[in-house]
Amino acid sequence: MLQTNFGKLSTRLDKPIKIDMAQLETEQGENLSLDDKLFALISPFHFTSTDPLRELMRNTGMVISGSTALALTTQNNDFFPNDIDLYVLPPGFPAVLQYVEDHGYKIEPSSRATANYYHQNIIIVKLTHPVSHKTVNVMSNLDSHVVKCITRFHSTVVMNYVSWFGLVVLYPEWTLQKRGLLLANTSTSNDIITKYVNRGYSLHRNIFDIGAPNQHRCGIDPYCPSTTRSLHDSHCFIELFEPAQDNFTTIQRDMTWTLPVPCSFDAIAPTARN
Ligand SMILES: [Zn+2]
């Protein structure tokens, strides 16, 4: 089934990519909208409606990333996130923090150790619900585009975000097939691999292990790490909450990125796991 999906994605897409997730879900008898799936993921976190959350995203530019966005790329929310990660540029930070606090969360006095996850300085405020102990992380950095920090994550599998208009997957041909390129060279790499293996994903240290052809146009093909990508380059997967009058290139400001590894990235030997 995903192979069919892959074939659709492989075609050049000059307009917002709207793969019919409902069609993908038909075989399992499910027909959940993106909004329904988002609600199922956020409701255990005391967020009782998606409407104010989507309104907040529209007003502040906040996006949801991490496991929540990844779960939305699966057919039926194949797993549930342990926490929710919200990203917003500094001007929207107070409003997002207030929104989370309004749902009963309290700011944790000490922030979690995330140095290995991020290459850049990032402000992280961790909020915990005193009754359920659910966690929401509100994060901000000084980039000019909120999506920039997402392109610095440890793996392509988590380079996805939910914005006010819908879901965006930066590496869909890999992510929708539950594969990804591991970019982190840290002591936590094996922990990351284990976490995603448990969720049905395989993470690889070079693109050839993922299934890239031996020969590709280096720096041109969208799945070569040396290629400078752009949100508007038509290689992102986009699923909208509502049928939009506007083109994706109109509703999403563009941004470019290049993965922080060379194409022949295979220098990191897997370390022994005891
Ligand atoms: Zn290449």
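Which residues touch the most other members of the largest nonpolar core? V63 and L86 do, in a core of 61 residues. A nonpolar core is a set of buried Ala, Val, Leu, Ile, Met, Phe, Trp, Tyr and Cys residues joined through C-beta atoms within 7 Å.

## The model

This is a predicted model: local features need pLDDT of at least 70, side-chain atom pairs count only at pLDDT 80 or more, and totals for chains, interfaces and linings use all residues. Residues are numbered from 1 along each chain as its sequence is written.

The predictor's confidence in each residue is its pLDDT, from 0 to 100. The protein chain averages 83. A score of at least 70 is reached by 78% of the residues. Residues 24-29 stay under 50, with twelve contacts beyond four places in sequence. Residues 266-274 also stay under 50, with six such contacts.

## Overall build

The protein chain has ten helices and twelve strands. These are DSSP runs, numbered from the N terminus: helices are H or I, at least four residues, and strands are E, at least two. Of its 274 residues, 37% count as buried. Buried takes 20 or more other C-beta atoms within 10 Å of a residue's own, exposed 12 or fewer, and partly exposed falls in between; C-beta atoms are placed from the backbone.

Two residues are in contact if their C-beta atoms, placed from the backbone, lie within 7 Å. Among contacts with a separation of 6 or more, 64% join residues 24 or more positions apart.

Leaving out residues up to four places away in sequence, V63 touches M57, Y87, V146, V147, Y161, V162 and S163.

M57 belongs to helix α4 (residues 50-60), where T50, L53, L56 and T60 are buried as well. Seen down the axis of α4, these residues fall within an arc of 125 degrees, so they line one face of the helix. The arc is that of the directions from the helix axis to the C-beta atoms. The buried residues of α4 pack against α3 (34-42), β1 (63-65), α6 (93-101) and β6 (160-163). Just after α4, G61 takes a positive phi of about 80 degrees.

## Two loop residues

H133 is not a glycine, yet its phi is positive, near 60 degrees. H133 sits in the loop between β4 (123-128) and β5 (135-140). With 7 other C-beta atoms within 10 Å, H133 is exposed.

S234, also not a glycine, has a positive phi of about 75 degrees. Its loop runs between β10 (229-230) and β11 (237-240). S234 is partly exposed, with 17 other C-beta atoms within 10 Å.
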